[in-house]
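Dear colleague,

Please find the structure below, handed over for your review. My notes on it follow directly after.

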Amino acid sequence: MTTPLIVPQLFLLFLLLDTSLSISLKWRSLNTTLYPNALCNDGSPAGYYVSDTTDKGEQGKGKFFIYLESGGWCYDDISCKKRYENSFSLMSTTTIEDTKEVGGIFDSHVLEGYTKVWVHYCTSDGHMGNLTSPSSSDFVFNGYSVVRSVVETLNSAYDINDRGGRVVFGGASAGGRGGMVHLDWVNSYFDNVEVMGVLDSPLWVDLDPPVWSSKIGLKNQTRLVYDMADVPDDVLGEECLRDRKSVGEEWMCMYGEYRMRYIRTAHMLVSSQFDSYQIGQDLDASKPTTDRSVEFATEFGDKMISTLKSLSSSSPPSLLYSTPCFNHAISLSPSFYTVSNVDGATWEDALEVFMEGMEEGGNVDMVIGCKE
């Protein structure tokens with residue numbers, strides 16, 4: 001594996017509008033004979049979508065973009081059965097479409113020439129679980145096996161390691177958290193490839209729901225998923241596990257605020273200051289509209305900023321990109337292309353800075369102010 005030096009630490013602040021195009025991807029099921037645990041919650045074969053640039057010639061040039069799909073999770077029998085009823089496609093591939101149209105980052109000129117891979121999310125475990133046989137639940141949770149089976153399948157099919165080149169690995173929301181916990185493994189899996197991460201909204205911060213909220217909060221959800229989905233030590237990371245296992249807090253190695261500082265692979269971290277998903281998981285309403293909910297959202301924003309600042313001094317090469325907005329995981333949104341700050345920087349511009357810094361192997365120092 002190779003990791004050129006890049007030390008861009010920045011916060012790009014912007015407001016968001018909408019314009020975007022899309023590309024078409026084709027479905028591929030994983031081989032469950034080779035990978036018997038590459039299964040969705042209901043036991044159907046997991047798989048991925050891939051762009052037409054996947055060939056062994058010059059097109060694609062050994063560059064791959066692997067993106068883990070978003071979609072929340074379930075954390076106990078009740079929430080999983082409700083998810084099965086209301087979000088069946090996030091637990092099965094029995095109704096999967098042969099093609100998929102995606103925009104945002106997938107259509108960015110920054111990733112032109114890359115073979116693009118969308119890993120379908122059907123395991124409801126943040127791409128982390130390893131429960132291969134149902135116990136108290138009616139479902140299996142195989143996110144760990146699915147992610148690794150996809151990477152191994154792509155390497156075998158397209159000679160990624162032999163050809164060299166680059167793998168950009170990540171995802172958004174649940175996919176961003178999956179990218180967070182698998183990124184260092186992907187880097188270690190390839191020994192002749194430059195690996196870098198693009199992680200959209202994995203940074204859950206440690207802030208309990210207000211006492212007047214009925215929500216159990218993301219920390220309690222994470223504890224429950226850790227036990228229910230049989231999350232393996234491989235996902236938790238050797239360094240983080242060493243620090244947390246002795247005090248019985250292994251679940252923290254699935255949680256952004258505590259896990260991000262252990263990532264050793266160059267990465268771009270994106271997180272909204274007022275992450276709408278996290279705030280919605282803490283409040284009884286999807287948006288803060290009352291005085292007390294606005295006060296909580298303000299506290300949340302302060303916590304997010306302090307957490308990002310603490311990560312800005314971490315040792316791996318990283319670019320931190322934060323917006324002062326109430327949104328979540330916009331890498332697939334038309335907002336990805338929006339120009340909205342004093343120097344005209346967008347999400348896409350920040351990605352380009354990161355990618356160019358990796359290519360040049362030098363330092364990047366770019367601080368762009370928020371539009372007034």
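D233 is partly exposed, since its relative accessibility of 38% falls between the limits of 20% and 50%. Please bear in mind that this is a predicted model. The side chain of D233 forms a salt bridge with that of K245, at an N to O distance of 3.6 Å. This pair connects distant parts of the chain, 12 residues apart, with D233 in helix 6 (residues 233–236) and K245 in helix 7 (residues 238–245). K245 is likewise partly exposed, at a relative accessible area of 44%.

Because R264 sits in the loop between helix 8 (256–259) and strand 8 (267–275) while E239 belongs to helix 7, the pair ties together parts that are 25 residues apart in sequence. R264 is partly exposed at 36% relative accessibility, and E239 is partly exposed with a relative accessible area of 29%.

E249 pairs with R244 in a further salt bridge, in which the closest N and O atoms are 3.4 Å apart. E249 has a relative accessible area of 25% and is partly exposed. The structure holds 11 salt bridges.

Finally, T153 lies in helix 2 (residues 143–158). Its relative accessible area is 19%, so T153 is buried, the cut-off being under 20%. Neighbours within four places in sequence aside, T153 is in contact with L30, Y35 and Y48.

With kind regards

Conventions:
Residues are numbered from 1 along each chain as its sequence is written. This is a predicted model: local features need pLDDT of at least 70, side-chain atom pairs count only at pLDDT 80 or more; totals for chains, interfaces and linings use all residues. Side-chain values use heavy atoms; hydrogens and water are left out. Helices (H or I, at least four residues) and strands (E, at least two) are DSSP runs, numbered from the N terminus. Buried means under 20% relative accessible area, exposed over 50%, partly exposed in between (1.4 Å probe, protein chains only). Contact means heavy atoms within 4.5 Å. A salt bridge is a side-chain nitrogen of Lys or Arg within 4 Å of a carboxyl oxygen of Asp or Glu.
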